[in-house]
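Please view the sequence and the model together while reading.

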Amino acid sequence: MHKVFISYHHDNDQWYKDYLVNLGERKELFIDWSVDSGDISDELSDEQIRVKIRDEYLRESSITILLVGTETKNRKHIDWELFSSMYDGSVNRQSGILVILLPSVKSNYVVAAHETEKRSVFPNISGWCTINEREEYERRYPYLPARIIDNLLAPNAKISVVNWDDLDADKLKFMLDCAYNDRQSCVYDLSRPMRRQNS
């Protein structure tokens, strides 16, 4: 089973994270390797928190699931987790990334970054298109973090975006396998400076 780090807004979206972890355990889809509330002391500096997440949690995981809600894109720790997931270092290798839009931010659009997902996860969609403008991604996904949009525009960063309501255990397993299999071939755009504060 894959070791998965789940990045999410703890105050708003804990229920979805707990549900996902429970599903992963019941269906033997993945091993949860993410941070829970209370795991890291609030008394640590921002830099200590970032290093702790990177070296103790992300180091052991190979896939990051980003749960996107209404406040996700504004959170500095989520941006740090995404940056660290994309960074290919000597301690922690880069991860595959899967974005799940929660019901509060559901979109009429999906992104299938891995060709096999189009047939296996989204067989009812026939009109696939390529998007090359940031403005169009922002229109379709107004709640996505800027770092994710940067990488949806990057030609060799394979990040899929799916709605929570469209997933079942089999589809989730398939998408995790795709993210895992292509993780080392991704070329992520890390040019954006890391967020310094919440907004």
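Contact, the basis for packing here, means heavy atoms within 4.5 Å. The model is predicted: local features need pLDDT of at least 70, side-chain atom pairs count only at pLDDT 80 or more, and totals for chains, interfaces and linings use all residues. Residues are numbered from 1 along each chain as its sequence is written, and side-chain values use heavy atoms, leaving out hydrogens and water. Helices (H or I, at least four residues) and strands (E, at least two) are DSSP runs, numbered from the N terminus.

**Burial of β3**
- Six of the six residues of strand β3 (residues 63-68) are buried, that is, under 20% relative accessible area with a 1.4 Å probe and protein chains only.
- Ile63, Ile65 and Leu67 are buried on one side of β3, and Thr64, Leu66 and Val68 are buried on the other.

**Strand pairing** (at least two DSSP bridges between two strands)
- Strand β1 (residues 2-7) pairs with β3 in the parallel sense over four bridges, and phenylalanine 5 stands opposite threonine 64.
- Six bridges join β3 to strand β4 (residues 96-101), also in the parallel sense; here leucine 67 has isoleucine 100 as its bridge partner.

**Helix α6**
- Helix α6 (residues 146-153) is largely enclosed by the rest of the structure, because six of its eight residues are buried.
- The buried residues of α6 are Arg147, Ile148, Ile149, Asp150, Asn151 and Leu152.
- These buried residues pack against β3, α3, β4, α5 (134-140) and β5 (159-163).

How values were computed
Buried means under 20% relative accessible area, exposed over 50%, partly exposed in between (1.4 Å probe, protein chains only).
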